[in-house]
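This briefing goes through one protein model, from its overall build to a few single residues. Please look at the sequence and the structure first.

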Amino acid sequence: MEDDQKERLSARLGRSWRGGWALLRSHGPSQVQFWFIALALGGASGLAAIGFRAGIEWLQAALYGTDDVAMLHSFAASLPWYWLLGLPVAGGLVVGLLLDRFTEDGRVRSVAEVIEGAALREGRVERKRGLISALASMITLSTGGSTGREGPVVHLASVFATYVSSWIRADGITGRDLLGCAVAAAVSASFNAPIAGALFALEVVLRHFAVHAFAPIVIASVAGTVLSRLIWGDVTEFVLPDKNALAFYVELPAFMLLGLLCGLVAVVQMRAIFWADDLGNAVQERLSLPRRLRPAATGLILGLIAIFFPHIIGVGYETTSAALQGNIAFDLAVIFVVIKVAAVAITMAGRMGGGVFSPSLMIGALTGLAFGTVATGIAPEFSGEGTLYALAGMGAVAAAVLGAPISTTLIVFELTGDWQTGLAVMVAVSLSSALASRLVHRSFFLTQLERRGVHLAAGPQAWLAGTIRVETVMRAQGAPRAAPDDACAEMIAEGVFIQSGATLEEAMPLLETVQRPFVPVVRFGPGDAAPELWGALFQVDALRAVNRALTRMAAEEHS
């Protein structure tokens, strides 16, 4: 009898599991189910971020021959010049072969593609190319590349979210929320910063603070942080001097000036990357350089710089820590800023991979330290600690580059454990972000997308039409209230038509210029076959579709 009861119980549990899975896939997760999914996804993304960081540190230790990668810059200065020169070249060669084999454009995927996926692809990103990009970035950061690890980690976590979205057939809202959960957990685990991780996902990736997304994203962020602290310990990334006091109101104008300076430095950093990318394209075309060799050629340039300035290697946390401790002289701080900006631009332009957040922290800390040395020297009786300027500068440059003043302010606090100097940091961050956003398309990532023709910076009214395909809105030939066939044939003969695969973004300008309320939609057969009339797109239908999409987006962002 007991065996029969066990079998019946097992059968019921099996049916319940299969029924629950079928319900989950057909109707999407309920709120409680979604929270458990967010917890599991947060744990997986956190482990991915931890594994990515551990992989970089293991490779750095093996390739550079040091037991303490936290002091990599100091150790690298003692290595033979040919090792510093050859290692980035070898790393670039491997990266180039990987990207040439597994991507169609030879580019590493990063945060910009995650933002694009959230806006235009229902929370999905490229999976295979994303995994290859993470591997390429790990090799880059381990062999002398001068970028950061947050970009690859964010995209790697987004790949996990994409797999989950595909498994449960998530709609756009659910897919975007899952993407936010993965990003929050990855950032939190990578930097031991749960508050900033959650806000980064909302502010940078989803670009709204909807209540329905907040709870699962926080759950995922906490899951990533717990795993990070279990493995790495509950320690801050940087240690500040014991005394870090602000001379309060009298000193605030200096931090306002620092914010404006950091905004300009951030703009220089971003434009240097884009300028170097354009230059790299021109040089590659001029020399007929194979795409797979571009990262190796970049590695050669980085190796030459590293022989004299090993501080450019990797994420640069040793130099950032030294700046926050005030252990770098004014002239060296200025030189390091210039060299690091150049090294980051060269690495990114060479298609070697990595992110811009960690380099921005280093550049900001050095900028702040140099400014603080001057400011405290001019009026020492009215000044607090000079290292406070390094802390404020670190946040100000990073916030301007990321276009994320809220999450960057919090991540600076969580990286340093210093919550007593918030006023100075907030003043510098707000002014740097305001200035930089006027000189670029709001942030580095949105400017990247703008250069590719993806107009997210202008708001949903500029890009939503590009997500709606013409065939979903048109009136098919022979349908009720369809356009007259003779009128459509006349317009096609005049060359006025839109192809069936187009989007409303392409069709709307044509609708504005024609003198009719519709434009024919055609399909092309094989070869030189004449266009075949399929239907007509009416302007009123197109406007109605865009309006519905805007309404849905507003409802999502305010739910």
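Of the 559 residues of the protein, 54% count as buried. The model is predicted.

**Overall build**

- The protein contains 23 helices and 4 strands.
- Its radius of gyration is 26 Å, close to the 24 Å that the globule rule gives for 559 residues, so the protein is as compact as a globular protein of that length.
- The C-alpha trace spans about 80 × 80 × 50 Å along the principal axes of the protein.
- Among the contacts with a separation of 6 or more, 79% are between residues 24 or more positions apart.

**Surface and charges**

- The accessible surface of the protein is about 24200 Å², and 63% of this surface belongs to carbon and sulfur atoms.
- There are 40 positive and 45 negative side chains in the protein.
- The centres of these two sets of side chains lie 6 Å apart.

**Aromatic rings**

- A pair of aromatic rings is described by the distance of the centres and the angle of the planes.
- A search of the whole structure finds 10 aromatic pairs.
- One of them is formed by tryptophan 81 and tyrosine 82; this pair is edge-to-face, with 6.0 Å from centre to centre and 80° between the planes.
- Tryptophan 81 and tyrosine 82 are both exposed.
- Phenylalanine 309 and phenylalanine 336 also form an edge-to-face pair, with 6.4 Å from centre to centre and 85° between the planes.
- This pair links distant parts of the chain, as phenylalanine 309 and phenylalanine 336 are 27 residues apart.
- Phenylalanine 309 is in the loop between helix H12 (294–308) and helix H13 (317–324), while phenylalanine 336 is in helix H14 (residues 330–349).
- Phenylalanine 309 has a relative accessible area of 24%, so this residue counts as partly exposed.
- Phenylalanine 336 has a relative accessible area of 7%, which is under 20%, so phenylalanine 336 counts as buried.
- Phe255, Phe371 and Tyr389 form one aromatic cluster.

**A residue in helix H11**

- Glutamate 285 belongs to helix H11 (residues 252–287).
- With a relative accessible area of 67%, glutamate 285 is exposed, because the cut-off for exposed is over 50%.
- From C-alpha to C-alpha, glutamate 285 and leucine 510 are 35 Å apart in space, and they are 225 residues apart in sequence.

How values were computed. Residues are numbered from 1 along each chain as its sequence is written. This is a predicted model: local features need pLDDT of at least 70, side-chain atom pairs count only at pLDDT 80 or more; totals for chains, interfaces and linings use all residues. Side-chain values use heavy atoms; hydrogens and water are left out. Helices (H or I, at least four residues) and strands (E, at least two) are DSSP runs, numbered from the N terminus. The radius of gyration is taken over C-alpha atoms; the globule rule is 2.2 Å times the number of residues to the power 0.38. Buried means under 20% relative accessible area, exposed over 50%, partly exposed in between (1.4 Å probe, protein chains only). Contact means heavy atoms within 4.5 Å. Accessible areas come from the Shrake-Rupley method with a 1.4 Å probe; for residues, only the protein chains shown count as cover. Lys and Arg count as positive and Asp and Glu as negative; His and the chain ends are not counted. The place of a charge is taken as NZ of Lys, CZ of Arg, CG of Asp or CD of Glu. Rings of Phe, Tyr and Trp (its six-membered ring) pair if their centres lie within 6.5 Å; planes under 30 degrees apart count as stacked, over 60 as edge-to-face and the rest as tilted.
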